[in-house]
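Please open the structure in your viewer and keep the selection panel at hand. The tour moves from the whole chain to a few selections.

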Amino acid sequence: MSTLYFVESKGGRVKCPYSMNETKMTLIERNQKLCELRSKMNKLRNEMAWIETEMMSVKSQYDRENIDLFEEMFGEKNTLWDHLDRMSDTPIAEEVYGG
């Protein structure tokens, strides 16, 4: 299998556009590419930090509201004892708990 190579007119460098391993680059090109990648990485780190801050804010806001989970799930205020009192009226409760 033959590999295609291209010769640039500027410096006569040989490049293969299909693979980074076979591409020859100058030191300046290397440094520019690394600089671009670092810039992208820093931008994404800042974005990630902002998202983490928003997540902490949402968690904190929910915790401050102090909502009863049972009431949130079932729409009524209830305690464990009320639940057990209601359960004693069911036929299953008689079988499991003896009446």
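**The whole chain**

The protein holds four helices and two strands, where helices (H or I, at least four residues) and strands (E, at least two) are DSSP runs numbered from the N terminus. Read along the sequence, these elements follow the pattern β-β-α-α-α-α. This is a predicted model, in which local features need pLDDT of at least 70 and side-chain atom pairs count only at pLDDT 80 or more, while totals for chains, interfaces and linings use all residues. Residues are numbered from 1 along each chain as its sequence is written, and side-chain values use heavy atoms, with hydrogens and water left out.

Show the surface next: the accessible area of the protein is about 9400 Å², of which 58% belongs to carbon and sulfur atoms, as computed by the Shrake-Rupley method with a 1.4 Å probe. Of the 99 residues, 3% count as buried, a term for under 20% relative accessible area, whereas exposed means over 50% and partly exposed lies in between (1.4 Å probe, protein chains only).

**Helix H1 and its end**

Select residues 27–65, which form helix H1; its 39 residues reach 57 Å from the first C-alpha to the last, close to the 57 Å expected at 1.5 Å a residue, the expected span being 1.5 Å times one less than the number of residues.

**Helix H2**

Finally, select residues 69–74, which make up helix H2, and pick out Leu69 within helix H2. Leu69 counts as exposed because its relative accessibility is 51%.
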